[in-house]
Amino acid sequence: DMMEWLVQPSLDYIRHECHLFINTSPLHLVNSFLNLYTCMMDGIRDSGRDGHPTMQQSQIVLWLQCLFLFSLIWTLGGTMNGDSRKKFDVFFRTLVTGTDPEHPKPKSFKLNKSNLFPERNTVFDFFFLKTSNSWAPWEDLIEKGLSIPAKAKVSDLIIPTA
């Protein structure tokens, strides 16, 4: 359901309304989407195996749907310029909230407003944090107190990411 509901309308919107840094064929975008989505399912795959806790069915559905959204946003929309990301944000939020009459939300889609991205910023400003089953801003991953000197060269920077 989610593939039919979200992927083709997103591809159509991107093709007609957005500007990309790199033009990529829809086939390659969808392939990248499926690759990323598959990679992000490690916690579901490992559920109940090798000492990993067993996930409840409701948590599995939440993860599958949130990871689907995250993967779609960053593979189909990852090469958009800033203005296009803002436009896509409005389009995508309308789509996933079920308020786009041309693309009604399927009954199998279980996410509600509390499970979707926060209303502030854009959908590109958040990632799905598996440990809390919620969306978090990318800034949460940046080490607190990190400062970059005003005259630093980008090529000389080392930014800790984990």
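Which side chain does that of R15 meet in a salt bridge? The side chains of R15 and D12 meet in such a bridge, at 3.3 Å from N to O, a salt bridge being a side-chain nitrogen of Lys or Arg within 4 Å of a carboxyl oxygen of Asp or Glu. The structure is a predicted model, in which local features need pLDDT of at least 70 and side-chain atom pairs count only at pLDDT 80 or more, while totals for chains, interfaces and linings use all residues. Residues are numbered from 1 along each chain as its sequence is written, and side-chain values use heavy atoms, with hydrogens and water left out.

R15 and D12 are three residues apart in helix α1 (residues 2-17) and are therefore separated by about one helical turn; helices (H or I, at least four residues) and strands (E, at least two) are DSSP runs, numbered from the N terminus. D12 counts as partly exposed, at 27% relative accessibility, where buried means under 20% relative accessible area, exposed over 50%, and partly exposed in between (1.4 Å probe, protein chains only).

A search of the whole structure finds five salt bridges. Among them, D42 pairs with K130, the closest N and O atoms being 2.7 Å apart. This pair links distant parts of the chain, since D42 lies in helix α3 (residues 42-45) and K130 in the loop between β1 (126-129) and β2, 88 residues apart. D42 is partly exposed, with a relative accessible area of 34%, and K130 also counts as partly exposed, at 22%. In another salt bridge, the side chains of K113 and E119 meet at 2.8 Å from N to O, and both of these residues are exposed.

Helix packing is illustrated by α4 (residues 57-76) and α5 (residues 82-96), which pack at an angle of about 150° with their axes 12 Å apart. Axes are lines fitted to C-alpha atoms, for helices over the stretch in contact, and angles run from 0 to 180 degrees between N-to-C directions. The helices α4 and α5 are therefore roughly antiparallel to each other, a description that applies to angles over 145 degrees, whereas those under 35 count as roughly parallel, 65 to 115 as roughly perpendicular and the rest as oblique.

I159 is placed in the segment after β2 (134-137) and is partly exposed, with a relative accessible area of 40%.
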